[in-house]
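Thanks for coming. Please have the model open while I talk.

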Amino acid sequence: MEAFPAFFPLIGARVVIAGEGDGADAKARLLKGSPATVQRLRGDAALAVESYAGAVIAFVASPRAEFCEAAARAARAAGTPVNVVDHPELCDFPTPAIVDRGQVVAAIGTGGAAPIVAALLRAELEARIPAGLGRLAALFGRMRPEIVTAFPDLAQRRSFLRALLAGPVAEAADRDDLAAAEALLRAEIGRGVAALGQVWLIATPPARDLLSLRAARALAETEILVLGDSVDPAVAALARRDAPQRPLAGIDAALLAREAAEGRQAAVLATAAELAPLAQALAALGAPYRRLDPAPDA
């Protein structure tokens with residue numbers, strides 16, 4: 001790791017954008033909607049050290065190299081970290097490719113070596129990170145005292161929160177129905193340890209990249225993995241490495257129902273035809289289960 005990723009808090013902070021043109025306008029758009037006070041500087045003001053005093057970060061953009069050099073010197077003299085568009089040699093930090101979900105922010109950087117790679121990864125993450133994830137994180141933060149009281153054990157608390165990332169609470173947050181999300185979360189808290197249990201019936205896709213984000217999350221958190229006859233090893237590899245694996249032929253619905261009743265997560269990765277009778281049996285037992293199909297373009 002040649003560069004350490006860090007985040008600058010923006011609540012109550014001032015950010016300076018010095019210069020004009022497309023680069024400066026792009027930085028202004030990037031910060032639009034943030035809680036920071038964004039100050040645009042032009043002309044001589046952009047070259048004065050005092051203009052940058054107290055700013056948390058500064059961006060400089062101009063087609064004139066001499067302006068960029070002078071503005072960067074002024075910001076640095078004021079003790080403000082500076083990023084200069086298209087001039088990595090003048091930067092204290094690179095601007096990463098950013099996926100913004102409010103409370104949840106993902107940043108991808110290549111140290112300035114290959115911005116196009118960061119941009120491609122950003123596009124992939126934009127498609128896979130739900131729009132409501134930031135709202136869900138904010139809800140978790142607001143209700144943290146109640147969650148800690150219900151789940152004082154850290155491992156159980158983490159399991160509880162991870163399970164919520166792929167269930168009705170997350171779906172309500174994704175619809176921007178925060179009232180429903182909060183009500184559902186309170187109901188799950190009320191269930192206690194039993195809320196941790198779930199059986200995931202995951203229809204195996206023809207290729208790994210067609211697995212839905214929700215299914216990938218379920219695999220990553222499962223505590224027991226059940227595999228059908230024709231599962232792609234590349235898909236099965238997405239499951240937790242320490243999760244024991246069992247063949248579907250040796251598993252029945254009653255065992256999976258017991259796992260869920262004891263607060264554990266189980267995932268069955270198999271064809272739709274293999275999953276259908278298992279779903280019927282789980283429903284008859286009243287076991288908590290969810291069916292997850294491949295992404296729509298599969």
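Start with strand E8, residues 224-227: Ile224 and Val226 point one way, Leu225 and Leu227 point the other way, and all are buried. Buried here means under 20% relative accessible area, exposed means over 50%, and partly exposed is in between, with a 1.4 Å probe and protein chains only. The element names are DSSP runs numbered from the N terminus, where a helix is H or I with at least four residues and a strand is E with at least two. In a regular strand the side chains alternate between the two faces of the sheet.

Before going further, a word on the source: this is a predicted model, so local features need pLDDT of at least 70, side-chain atom pairs count only at pLDDT 80 or more, and totals for chains, interfaces and linings use all residues. Residues are numbered from 1 along each chain as its sequence is written, and side-chain values use heavy atoms, with hydrogens and water left out.

Which strands pair with E8? Strand E10, residues 265-270, pairs with E8 in the parallel sense over four bridges. Strand E9, residues 245-247, also pairs with E8 in the parallel sense, over three bridges. Two strands count as paired if DSSP finds at least two bridges between them.

Next, the empty space. Rolling a probe the size of a water molecule over the atoms shows where empty space is left. The search uses a 1 Å grid over the protein atoms alone; a cavity is a set of points where a 1.4 Å probe fits but cannot get out, a pocket is an open set with protein on both sides within 12 Å along at least five of seven lines, and lining residues have an atom within 4 Å of a point. Grid points are joined across faces, edges and corners, and a volume is the space filled by probe spheres set on the points.

How many cavities of 30 Å³ or more are there? The count is two. The largest cavity holds about 50 Å³. Helix H4 (133-142), helix H7 (168-174) and helix H9 (213-221) each give at least two residues to its lining. Among the lining residues are Pro130, Asp174, Arg214 and Arg217. By class, the lining has five nonpolar, one polar and three charged residues. For these classes, Ala, Val, Leu, Ile, Met, Phe, Trp, Tyr, Cys and Pro are nonpolar, Asp, Glu, Lys and Arg are charged, and the others, Gly among them, are polar.

The second largest cavity has a volume of about 40 Å³. H9 provides the largest share of its lining, three residues. Arg217 is one of the lining residues here, as it is in the largest cavity.

Now the pockets. The largest pocket has a volume of about 1,200 Å³. Its lining has 34 residues, with Phe7, Phe8, Pro96, Ile98 and Val105 nearest its centre. Of that lining, 22 residues are nonpolar, eight polar and four charged. The second largest pocket has about 610 Å³ of space and a lining of 25 residues. H3 gives the most to that lining, with four residues.

On to the cysteines. A disulfide is a covalent bond between the sulfur atoms of two cysteines. Here the rule is a pair of cysteine sulfur atoms within 2.5 Å, and the count is zero. Cys68 is buried, at 0% relative accessibility, whereas Cys91 is partly exposed, at 23%.

Last, salt bridges, meaning a side-chain nitrogen of Lys or Arg within 4 Å of a carboxyl oxygen of Asp or Glu. The count is 15. In one of them, Arg214 meets Glu171, with the closest N and O atoms 3.9 Å apart. That pair links distant parts of the chain, since Arg214 is in helix H9 and Glu171 in helix H7, 43 residues apart. Arg214 is partly exposed at 27% relative accessibility, and Glu171 is partly exposed at 21%.

Arg264 forms a salt bridge with Glu259, at 2.6 Å between the closest N and O atoms. Arg264 is partly exposed, at 29%, whereas Glu259 is buried, at 17%. Finally, Arg142, Glu146, Glu182 and Arg186 are linked in a network of salt bridges.
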